[in-house]
Amino acid sequence: MSIEYAKTGTGQETLKLQAIGKPTGFFTVVWATTVKELQIAVRYLPNFFGNFLQLGLRVLFFLLMSTFVVYEGENVLQGDNLFIFYLGAILVWLFYGVALNAPLGAVTNDLHNGTLEYLYCNPISRYAYYVGTVVASALMNVIVFIPMYILLVLYAGLNFAESMMILVTCLVVIVALMALGIMIALLGILYRQVSSIVGILFIMFEFVAGAYFPVDQFPAVVRWIAYLLPYTWGYDMVRYYSFKTDWVPLAPIWMEWCILIFFAISYTIISIVMLRKVEKMAKKKGLNLI
């Protein structure tokens, strides 16, 4: 804070305070938010272990299903192949809740704690703040992701290149869904309650996108809806590499990469534009009525 004296027209001196602030970098905000969210998550470890047990039950359920269920079509799935099909879905499924829930959860908590206005009145990157919440949640889920990933690699007998391509695919999916999650969080600021929208997306990402059933077996209308979802391509690409490229993809694999990257870039651009509009609204009208 600097203090300056200025003379008025009458010759009197007036005191003028000028705030001098150093801009906080994007990655500094991401780091600080990540540390904060991890500290909060550590306080609720029983909830984390509960989620871990739920995942274990899900894996056992899929293992049981693979012993008697057969999927026919372009890719015939039964036995070990069907279990690999499910494991690939679990890897991607682990992160879509993170990317969608984390930003909205941050907004909900800030609304509840009365800190949302404080956040939007500070000269920091709000986008970095939301990115930090996703990074923290993703890091917590990595603890669960690693054993599932190792199980898939060993069970399917994947080589190094195939294993790395699965990791890259998961990373691109997280980027795409993180931007979509920020968009939903901003809707949460504008319209308060959007949990029902998130619930619909969860259902679509699990069932319509092909987490449990091959998309090529869906009716034509459902298939076209699935093609509009980034997770459809994420599931399909993970399975392509999980089956050592023996999996028949929905489109040429290079095209699927282009589609998934397009989703990631376009969602990121849209979320940045939406964030700027919400910031303008916050400066103009305030957030006290939310």
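Start in the loop between α9 and α10, where T245 lies; the model you have open is predicted. Select T245 and check its backbone: phi is positive, about 65 degrees, although T245 is not a glycine. With a relative accessibility of 41%, T245 is partly exposed.

Next, select K244. This residue is found in the loop that runs between α9 (230-242) and α10 (253-285). K244 is not a glycine either, yet its phi is positive, at about 55 degrees. Its relative accessible area is 36%, so K244 counts as partly exposed.

Now show the side chains of F243 and W247. A pair of aromatic rings is described by the distance of the centres and the angle of the planes. The structure holds 19 aromatic pairs. One of them joins F243 to W247, with 5.4 Å from centre to centre and 20 degrees between the planes. This pair is stacked because its 20 degrees fall under the limit of 30 degrees. Are the two residues buried or exposed? F243 has a relative accessible area of 11% and is buried. W247 is buried as well, with a relative accessible area of 6%.

Where does the charged end of R239 sit? It sits over the ring of F85, 3.6 Å from the ring centre. For another arrangement of this kind, select R58 and W93. The charged end of R58 sits over the ring of W93, at 4.0 Å from its centre.

For the last stop, hide the side chains and display helix α1 (residues 26-42) with helix α5 (residues 126-156). Their axes come within 7 Å and cross at roughly 45 degrees. At that angle, α1 is oblique to α5. The crossing of α1 and α5 is right-handed.

Bring the side chains back to see which residues meet between the two helices. On the α1 side, select F26, V29, V30, T33, T34, K36, E37, L38 and A41. On the α5 side, their partners are Y127, A128, Y129, V131, G132, T133, V135, A136, L139 and M140.

Terms used:
Residues are numbered from 1 along each chain as its sequence is written. This is a predicted model: local features need pLDDT of at least 70, side-chain atom pairs count only at pLDDT 80 or more; totals for chains, interfaces and linings use all residues. Side-chain values use heavy atoms; hydrogens and water are left out. Helices (H or I, at least four residues) and strands (E, at least two) are DSSP runs, numbered from the N terminus. Buried means under 20% relative accessible area, exposed over 50%, partly exposed in between (1.4 Å probe, protein chains only). Rings of Phe, Tyr and Trp (its six-membered ring) pair if their centres lie within 6.5 Å; planes under 30 degrees apart count as stacked, over 60 as edge-to-face and the rest as tilted. A charge sits over a ring if NZ of Lys or CZ of Arg is within 6 Å of the ring centre and within 35 degrees of the ring normal. Axes are lines fitted to C-alpha atoms, for helices over the stretch in contact, and angles run from 0 to 180 degrees between N-to-C directions. Angles under 35 degrees count as roughly parallel, over 145 as roughly antiparallel, 65 to 115 as roughly perpendicular and the rest as oblique. A crossing is left-handed if the near helix is turned anticlockwise from the far one by less than a right angle, and right-handed if clockwise. Contact means heavy atoms within 4.5 Å.
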